[in-house]
Amino acid sequence: MSISIWQIILLTIIAYLAHFDFNSIQLFTFNSLIWGLLAGLIMGDMKTGVEIGATVQLMSLGVVAVGGASIPNYPVTAIITTAIAISTGKGLGAGIAIGLPVGILGVQLDILWKMFNGWTAIKAQKYADEKKYGAMQSMTLLSTYTAGLVSALPVFLSVAFGPSLIKAILDFMPKWFTSGLQLAGAMLPAVGIAMLLIYMPSGKMMEYLLIGFVLSAYLKVPIIGVSLIGLALMYHAFKELSKKSNAVVEKTDNAVTESNTMIGVDEDE
Amino acid sequence: MSNETNDQTVLTKKDLRRASWRWIRVGISSFNYQTQLAPSVAYAMLPSLRKIYKGKDEDLRLSLDNEYKYFNTNPWIAPLIFGATLAMEDKDGVETLDGVQSLKVGLMGPLAGIGDTIIWAMLPTIFGSIGASLAKQGNPFGIYLWVIFNLIVLFFIRSREFEIGYKQGMKFLSTYSDKLSIFTEAISVLGLTVIGALIPSTVSFTTPLKMVNAGVTLKVQDILDKILPSMLPMLLVGLFYWLIKKKNWKMTTVIWLTIAIAMVAAFFNVLTV
């Protein structure tokens, strides 16, 4: 391997920027091409970098991190693959054999980092309660600026110490630990939803909770479909409630009530 | 309540721009499994809320606590909601917090559905395949095209959504101010319907357990699904609701409990993603 120290540093920096950008400004979201190009520039062979970026891009088409799901870290794959393919001269195949597993290893790190964010979130809210707004903001920014490490760390380790170290790390982690992390990630949203239920009038309006659940669990209606039915129910509730409040105001004149309700819904006078 | 209402709003275009850039800066980086994007929301809103609740510390605390509740949607269109909730709070203060919460919860589902489909799935697929096919021929132009497109969207749409949401929110509020309490209650209906759908769609784990009975292997998950699909996620949410509401458990304790359950369950292979 012939990767010089400054190349390792630059590759680590662009890996940091890739994940930082993905989590904040999102200028290069889901764009593996650009990271292949930049890694190629650093390694002195832009053409190969662009080619590898394109291959990784095509691999990742349609794989999207929806709702905070953790997906393989394709920018990391593009950067490592480019670095290894160019430095060993063995081409795309050799690079991707190492780049892809590391990108998948990135998922574990991503889950760990999101759990760390759970801690910063609790701290930030505590500071907000204590009116320590500076500390509150610092806790949130701690999440923002550690995001990049999720990509920088695996790229640094694999280009500086070679793929054997990454393999050793992967082998070292017991199966129950990695699957336990994923399981915890899948179970933890239940905490947030339970908190939401406590703050919403869920006891008074239990029926709507049940409707949403049945639509999604039994009928597999996508969230937009559920929302449309929710909108219909909301409109109905709105009409009923307006009717009730109009009835109170104008209980003397029942005939006017109905026409008023209609006007009240469409365009209020 | 009507005494609290004032027509003297304090937020200016500058405040809203500032909130926009704060949101873009932290983005989804505060994502956590419990409250998802809530810390980013609170961060983005802080200066505006401090301005609205100047000299009313307790109101500010209540409002910030509200922002720290579970929130998740597509980050590119989320500020439309925040602009509208800022308009509500700017106009009527803490009186509208229930409405703010219901609006956020009610709209986060639909906006996530639309945003994730168009912005996360469609755009990267279109630009990604254009860029990749050009790049395969050694032409990096497709890469620049994608970046330029994102820059245009960033500066001309994403940075202005707070203003759009705020303006539309204000328009709505001045038209329907007398119907606001009814609206708040009605939108809770939408919110709860969406939460009901969130349980099976975001809490996703199953059991790989099998029962062998007289040579016949039965998958426990199949049996559970026949009784009630997503039974395990629903029971978990129910358990947490009960622990927090009735047993006064702290959220942190519940989180540690979850991680412990997950590790043990993974070790014995009782539960899986």
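Before the first entry I needed one definition: a helix axis here is a line fitted to the C-alpha atoms over the stretch in contact, and angles run from 0 to 180 degrees between N-to-C directions. I also noted that this is a predicted model.

**Entry 1: α5(A) and α7(A)**

I started with α5(A) and helix α7 of chain A, which covers residues 149-161. Their axes come within 9 Å and cross at roughly 140 degrees. Is that antiparallel or oblique? Only angles over 145 degrees count as roughly antiparallel, so α5(A) is oblique to α7(A). The crossing is right-handed.

Next I looked up who touches whom. From α5(A) come Val102(A), Gly106(A), Leu109(A), Asp110(A) and Trp113(A). From α7(A) come Leu149(A), Val150(A), Leu153(A), Pro154(A) and Ser158(A). I sorted the residues of this contact and got seven nonpolar, two polar and one charged.

**Entry 2: α4(A) and α5(A)**

What does α5(A) do with helix α4 of chain A, residues 74-88? The two pack at an angle of about 145 degrees, and their axes are 7 Å apart. I wrote down another right-handed crossing, with α4(A) passing α5(A).

On the α4(A) side I noted Tyr74(A), Ile80(A) and Ile84(A), among others. On the α5(A) side the list includes the glycines Gly91(A), Gly95(A), Gly99(A) and Gly103(A). Val102(A) of α5(A) is listed here, and Val102(A) also turned up in the contact with α7(A). By class, α4(A) with α5(A) gives eleven nonpolar, six polar and no charged residues.

**Entry 3: α3(A) and α5(A)**

I then checked helix α3 of chain A, residues 46-60, against α5(A), residues 91-129. Their axes lie 12 Å apart at an angle of about 50 degrees, which makes α3(A) oblique to α5(A). This crossing is right-handed too.

Ile52(A), Thr55(A), Val56(A) and Met59(A) of α3(A) meet Leu92(A), Ile96(A) and Leu100(A) of α5(A). Six of these residues are nonpolar, one is polar and none is charged. Leu92(A), Ile96(A) and Leu100(A) are also in the list for α4(A).

**Entry 4: over to chain B**

How many helices and strands does chain B have? I found eleven helices and two strands. Along the sequence they run α-α-α-α-α-α-α-α-β-β-α-α-α. The C-alpha atoms of chain B fill a box of roughly 75 × 65 × 30 Å along the principal axes.

I also followed α5(B), residues 97-136, and where does it bend? The bend is at Asp116(B), by about 35 degrees. After α5(B) comes Gly138(B), with a positive phi near 80 degrees.

**Entry 5: the hairpin in chain B**

Last, I looked at the two strands. β1(B), residues 210-213, and β2(B), residues 216-219, run antiparallel and are joined by four bridges. Which residue of β2(B) partners Val212(B)? The partner is Thr217(B). Met211(B) stands opposite Leu218(B).

Two residues sit between the strands of this hairpin, and Ala214(B) takes a positive phi near 50 degrees.

Notes. Residues numbered from 1 in each chain as written. Chains lettered and ligands numbered in written order. Predicted model: local features only at pLDDT ≥ 70, side-chain atom pairs only at ≥ 80, totals over all residues. Heavy atoms only, no water. Pairing = 2+ DSSP bridges. Parallel < 35°, antiparallel > 145°, perpendicular 65-115°, else oblique. Left-handed = near helix turned anticlockwise from the far one by under 90°. Contact = heavy atoms within 4.5 Å. Nonpolar A, V, L, I, M, F, W, Y, C, P; charged D, E, K, R; others polar. Bend = angle between axes of the 7 residues up to and from the residue.
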